[in-house]
Amino acid sequence: MIPLLFRIFDAEYSNLRPNLRVGAIMNNQLDQNELEAFSGNLFGHTVGAITIACVEMARRLGFYEHLSSRPAMSADALSALANTNPRLTRELLDQQVSGGILTYDQKSDEYALSAEGAAVIADQHSPAWMMGAVMATCAMYLGHDKVESAFRGNGGMPWGDHAPCLFCGTGEFFRPVYEHALIQQFMPALSGGEDRFSTGAVVADIGCGGGVSTLTLASAYPQSRFVGLDFHAPSIAEANESAAEKGLSNAEFAVASAKDYSGEYDLICFFDCLHDMGDPVGIARYAKDHLKPDGSIMLIEPFAFDSRIQNHKGLGAAFFGFSSFFCVPCSLSQEVGRGMGSQAGEAGMRSVFEEAGFDNFRRIAETPNNIVYEVTP
Ligand SMILES: C[S@@+](CC[C@H](N)C(=O)[O-])C[C@H]1O[C@@H](n2cnc3c(N)ncnc32)[C@H](O)[C@@H]1O
């Protein structure tokens, strides 16, 4: 039996499947167009959620790597290469074609990933790489029980209590911006320019996660020293592994909270993490005490407008979603528990630094996903 929902959502497929109008099923006073629009919207999200689960499975199995290395291949050839069950492989490939991820040639019975698709889904270092969003989305599903407890309790859920795919997902989510904009666009936009980093500066990257940003900086400025700190030990272990793999001796990592480090720095970075912290004002104040006299803070935050209704449009569904599962619970699990959320915008961030005693706060760059600020005392 076909569930009601599938019969209702027929706008796109009405020429392919029997079309049973909602009105014929729901004999009531509801506005039929509104009903169909609402159910169509929800069904679209459902198809997206199903496809994301399948994309993550294909990624784990290495399907995209194999598919991107050849023009096309049969399901059996792929299953032989990936060492996966042939019947399940065929089924997942058909889902991927139905979801618009792969193409299928009926004559040759082969599946293919386009070059553009490979840039988004198979090449970790491409500026278009998007698998981080997929992994982080899967962490939402895996965390449902614990996040539900947070909603029913005090709202707090520590970062480290999430499924591990959140930690690598976060690193991969931000990788394109660090690898393709941090050195090229953000560092030169600092008021002192980037000269000081070529002559031996000391930089702290607070809340560095798996260290993608720290290592990107360390390899671009070999004369400077970079210290990555995060209170999540598994992320710091991953950062240390990546530093060793890259042979970068000017980057070091330590497990530490954002209010527990020593030394004086030319630059202190908070990359997509300050809003996750419980006490951003105390943490900004602590950073102020650890800046050299001409030092500055670089703050990268998710893109947001200052108005709630503007944030409801565009990327709001993604940012508010991540924020309600990850960012706000993380902040509420810490002392003070300011719970800024990822959509605090420039006004929210400016007020944090004003409360912490900084005089200068300015936007120096932005991308579709991020805003970059420089803050000085
Ligand atoms: C969204 S992730 C961003 C990680 C990294 N900066 C990046 O861009 O990939 C937020 C990070 O902040 C860290 N974090 C949250 N609160 C912290 C605190 N009070 N002290 C240190 N790290 C903290 C988390 O462990 C997590 O790695």
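**View 1. Asp109 in its loop.** Asp109 is partly exposed, because 13 other C-beta atoms lie within 10 Å, where a residue is called buried with 20 or more other C-beta atoms within 10 Å of its own, exposed with 12 or fewer, and partly exposed in between, the C-beta atoms being placed from the backbone. Asp109 belongs to the loop between β1 (103-105) and β2 (110-112); strands (E, at least two residues) and helices (H or I, at least four residues) are DSSP runs, numbered from the N terminus. The phi angle of Asp109 is near 55 degrees, a positive value in a residue other than glycine. This and every other view shows a predicted model, in which local features need pLDDT of at least 70 and side-chain atom pairs count only at pLDDT 80 or more, while totals for chains, interfaces and linings use all residues. Residues are numbered from 1 along each chain as its sequence is written.

**View 2. The protein chain as a whole.** The protein chain has 377 residues, of which 37% count as buried, and its secondary structure comes to 17 helices and nine strands. Along its principal axes, the C-alpha trace spans about 70 × 55 × 35 Å. Among the contacts with a separation of 6 or more, 67% are made by residues 24 or more positions apart, a contact being a pair of residues whose C-beta atoms, placed from the backbone, lie within 7 Å.

View 3. The protein chain is divided into domain 1 (4-121) and domain 2 (131-376), with bounds that come from an automatic or database domain assignment. The centres of the two domains, taken over C-alpha atoms, are separated by 34 Å. Six residues from domain 1 and five residues from domain 2 take part in the contact. On the side of domain 1 that touches domain 2, helix α3 (residues 32-60) gives the largest share, five residues. By class, that side of domain 1 has four nonpolar, no polar and two charged residues, where Ala, Val, Leu, Ile, Met, Phe, Trp, Tyr, Cys and Pro count as nonpolar, Asp, Glu, Lys and Arg as charged, and the others, Gly among them, as polar.

**View 4. The shell around the ligand.** The ligand is surrounded by 22 residues, and the closest are Gly207, Gly209, His232, Ala258 and Cys273; a residue is near a molecule if its C-beta atom, placed from the backbone, lies within 6 Å of it. The shell divides into 10 nonpolar, nine polar and three charged residues.

**View 5. Helix α12 and what covers it.** Helix α12 is mostly covered, with seven of its nine residues buried. The buried residues are Val212, Ser213, Thr214, Leu215, Thr216, Leu217 and Ala218. The elements that cover them include α10, β3 (202-206), β4 (225-230), α13 (233-246), β5 (251-255) and β6 (265-271).

View 6. Val336 lies in the loop between α16 (316-332) and α17 (345-355), and its phi is near 75 degrees, a positive value in a residue other than glycine. Why is Val336 partly exposed? Val336 is placed in that class because 14 other C-beta atoms lie within 10 Å. Ser351 lies in helix α17 and counts as partly exposed, because it has 15 C-beta neighbours inside 10 Å. Ser351 and Phe361 are 10 residues apart along the chain, and their C-alpha atoms are separated by 9.5 Å.

Notes: Contact = placed C-beta atoms within 7 Å.
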